[in-house]
Amino acid sequence: ITHMDARVGMHLEALEDAGRAEDTLVVFTSDQGLAIGSHGLLGKQNLYEHSVRAPLSLRGPGLPRGRSDALVYLFDLVPTLCELLGVAPPADIDGRSLVPVLRGEVPAVRDSVFLAYKDVQRAVIDGRWKLIRYPQADRTQLFDLESDPHEVNDRSGDPDEAGRIVELTARLRAWQDELGDTAPLRVGEPPRVR
């Protein structure tokens with residue numbers, strides 16, 4: 001991380017030295033992370049935060065400094081960059097422009113995100129809460145990302161959260177319907193029809 005920070009700093013310094021910092025859009029992102037032992041796992045075969053989050057930083061003309069906790073997908077970069085560059089985005093793109101978030105006009109362009117790993121895991125995040133469903137194991141996990149960002153306190157067994165599980169499961173199914181994901185969410189449930 002220190003090496004990466006130094007290299008990014010070197011590029012930003014070069015833009016300053018060349019007098020181009022004020023007219024250059026800089027985007028830093030990468031793939032999501034590895035578990036590296038978190039939750040007893042190695043690799044990316046899970047939907048925990050340490051393995052699904054990806055860094056994203058933009059700097060450029062007209063973009064204020066700051067941080068956002070808005071839910072985004074990396075494919076939101078295409079319409080975002082198109083708008084920032086004054087280019088029409090492709091008509092059939094699924095991404096949403098993040099420019100209103102970047103400029104502080106709105107807090108978010110999505111109220112939830114859907115995550116999937118093969119046919120063994122599905123998840124939905126609404127900002128604060130994350131529900132992970134393991135259909136083949138018939139298991140659900142529920143995490144309060146605000147108070148438990150490392151996802152160590154599964155709240156799925158808490159009777160006070162039963163309604164939240166129903167609500168988030170319905171949102172998960174709605175995402176599946178929208179995206180044409182036919183994977184079942186329960187053991188023995190037939191694949192969903194598109």
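Good morning. At 21% relative accessibility, leucine 12 counts as partly exposed, where buried means under 20% relative accessible area, exposed means over 50%, and partly exposed lies in between, with a 1.4 Å probe and protein chains only. Before I continue, please note that this is a predicted model, in which local features need pLDDT of at least 70 and side-chain atom pairs count only at pLDDT 80 or more, while totals for chains, interfaces and linings use all residues. Residues are numbered from 1 along each chain as its sequence is written, and side-chain values use heavy atoms, with hydrogens and water left out.

Leucine 12 belongs to helix H1, residues 2-17. Helices here are DSSP runs of H or I with at least four residues, strands are runs of E with at least two, and both are numbered from the N terminus. Apart from neighbours within four places in sequence, leucine 12 is in contact with Val26 and Arg59; contact means heavy atoms within 4.5 Å. Serine 156, by comparison, lies 144 residues from leucine 12 in sequence and 45 Å from it in space, C-alpha to C-alpha.

Let me turn to the overall architecture. The protein has 5 helices and 6 strands, and along the sequence they follow the pattern α-β-α-β-α-α-β-β-β-β-α. The C-alpha trace spans about 60 × 40 × 30 Å along its principal axes. Among contacts between residues at least 6 apart in sequence, 43% join residues at least 24 apart.

In what order do the 4 strands of the open sheet stand? The order is S3-S4-S5-S6, with antiparallel pairing; two strands pair if DSSP finds at least two bridges between them. S3 and strand S6, residues 139-144, stand at the edges with a single partner strand each, so one side of each is left without a neighbour in the sheet. From one strand to the next, the twist averages 15°, with axes being lines fitted to C-alpha atoms, for helices over the stretch in contact, and angles running from 0 to 180 degrees between N-to-C directions.

S3 is joined to strand S4, residues 121-125, by 5 bridges. Within this pair, phenylalanine 114 has valine 124 as its bridge partner, and tyrosine 117 has glutamine 121. The hairpin of S3 and S4 has 3 residues between the strands, and lysine 118 in the turn has a positive phi of about 45°.

Strand S5, residues 129-134, is joined to S6 by 6 bridges, with leucine 131 opposite leucine 142. Here 4 residues separate the strands, and aspartate 138 takes a positive phi near 50°. Of the 6 residues of S6, 5 are buried, so the strand is largely enclosed by the rest of the structure.

Helix H3, residues 77-85, has Leu77, Pro79, Thr80 and Cys82 buried. Their cover includes strand S1 (26-29), strand S2 (56-59) and helix H4 (99-102). Just after H3, glycine 86 takes a positive phi of about 70°.

Two loop residues other than glycine also have positive phi values. Histidine 39, in the loop between S1 and helix H2 (49-52), has phi near 55° and is partly exposed, with a relative accessible area of 32%. Glutamate 151, in the loop between S6 and H5, has phi near 55° and counts as buried at 2% relative accessibility.

Finally, the second largest pocket. Its volume is about 250 Å³. A pocket is an open set of points on a 1 Å grid over the protein atoms alone, where a 1.4 Å probe fits, with protein on both sides within 12 Å along at least five of seven lines; lining residues have an atom within 4 Å of a point. Grid points are joined across faces, edges and corners, and the volume is the space filled by probe spheres set on them.

Which elements each supply at least two residues of this lining? They are strand S3 (113-117) and helix H5 (162-179). The lining includes Phe114, Leu115, Ala116, Trp175, Glu178 and Leu179, and also Tyr73, Phe75, Asp94, Arg96 and Arg110. It divides into 7 nonpolar, no polar and 4 charged residues, counting Ala, Val, Leu, Ile, Met, Phe, Trp, Tyr, Cys and Pro as nonpolar, Asp, Glu, Lys and Arg as charged, and the others, Gly among them, as polar. Thank you.
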